[in-house]
Amino acid sequence: MIELKPCPFCGSRLVSYTHGVTRAPIVYMKCGNPECCAIVSFNNNACHLLPEKAIVMWNRREQS
Ligand SMILES: [Zn+2]
């Protein structure tokens, strides 16, 4: 299992990963910091078939 990097918005490590099906497949990362609560989803069709792709995409960081 690949470790999730901290939230890019607030730096919190309380990041959860959800992969499920409601009305449509959905894959998203949610920040557990109550003052942030960022929710980030990626291409859900592609990530539903290959959930590891969502983790790789979440862990991407632009070099600045
Ligand atoms: Zn956050």
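This is a predicted model: local features need pLDDT of at least 70, side-chain atom pairs count only at pLDDT 80 or more; totals for chains, interfaces and linings use all residues.
**Notebook: the zinc site and what surrounds it**

I went to the metal first: Cys7, Cys10, Cys31 and Cys36 each coordinate the zinc ion through SG, at 2.3 to 2.4 Å. A donor here is an N, O or S atom within 2.8 Å of the metal (3.2 Å for Na, K and Ca), and water is not among the atoms, so sites may look incomplete. Residues are numbered from 1 along each chain as its sequence is written, and side-chain values use heavy atoms, with hydrogens and water left out.

**Geometry.** I checked the angles next. The four donor atoms subtend 102 to 113 degrees around the zinc ion, so the arrangement is tetrahedral (four donors with all angles between 85 and 135 degrees). Along the chain, the donors are spaced C-x2-C-x20-C-x4-C. Cysteine 10 sits in the segment before strand S1 (15-21) and cysteine 31 in strand S2 (residues 25-31), so I have a pair 21 residues apart that links distant parts of the chain. Strands are DSSP runs of E, at least two residues; helices are runs of H or I, at least four; both are numbered from the N terminus.

**Which of the pair is buried?** I looked up cysteine 31 and found it buried at 2% relative accessibility. Cysteine 10 is partly exposed, at 34% relative accessible area. My cut-offs: buried is under 20%, exposed is over 50%, partly exposed is in between (1.4 Å probe, protein chains only). Leaving out residues up to four places away in sequence, cysteine 10 touches Cys31, Asn33 and Cys36; contact means heavy atoms within 4.5 Å. I also took a C-alpha to C-alpha distance from cysteine 10 to isoleucine 55, which gave 18 Å across 45 residues of sequence.

**Cysteine 37.** I found this one in the loop between S2 and strand S3 (39-41). Cysteine 37 counts as partly exposed, at 40% relative accessibility.

**Core.** The largest nonpolar core came out at 14 residues, and Leu4, Val15, Met29, Phe42, Cys47, Ala54 and Trp58 have the most contacts inside it. Such a core is a set of buried Ala, Val, Leu, Ile, Met, Phe, Trp, Tyr and Cys residues joined through side-chain atoms within 4.5 Å. S2 and helix H2 (51-59) each supply at least two residues of this core, and H2 gives the largest share, four residues. I then listed what phenylalanine 42 contacts beyond its neighbours within four places: Val27, Met29, Cys47, Ala54, Met57, Trp58 and Arg60.

**Whole protein.** I count two helices and three strands, in the order β-β-β-α-α. The radius of gyration is 12 Å, close to the 11 Å of the globule rule for 64 residues, so the protein is as compact as a globular protein of that length. That radius is taken over C-alpha atoms, and the rule is 2.2 Å times the number of residues to the power 0.38. Of the 64 residues, 28% count as buried. Last entry: of the contacts with a separation of 6 or more, 38% join residues 24 or more positions apart.

Key. Four donors count as tetrahedral if all angles lie between 85 and 135 degrees; four count as square planar and six as octahedral if opposite donors are over 155 degrees apart and all others between 65 and 115; anything else is irregular.
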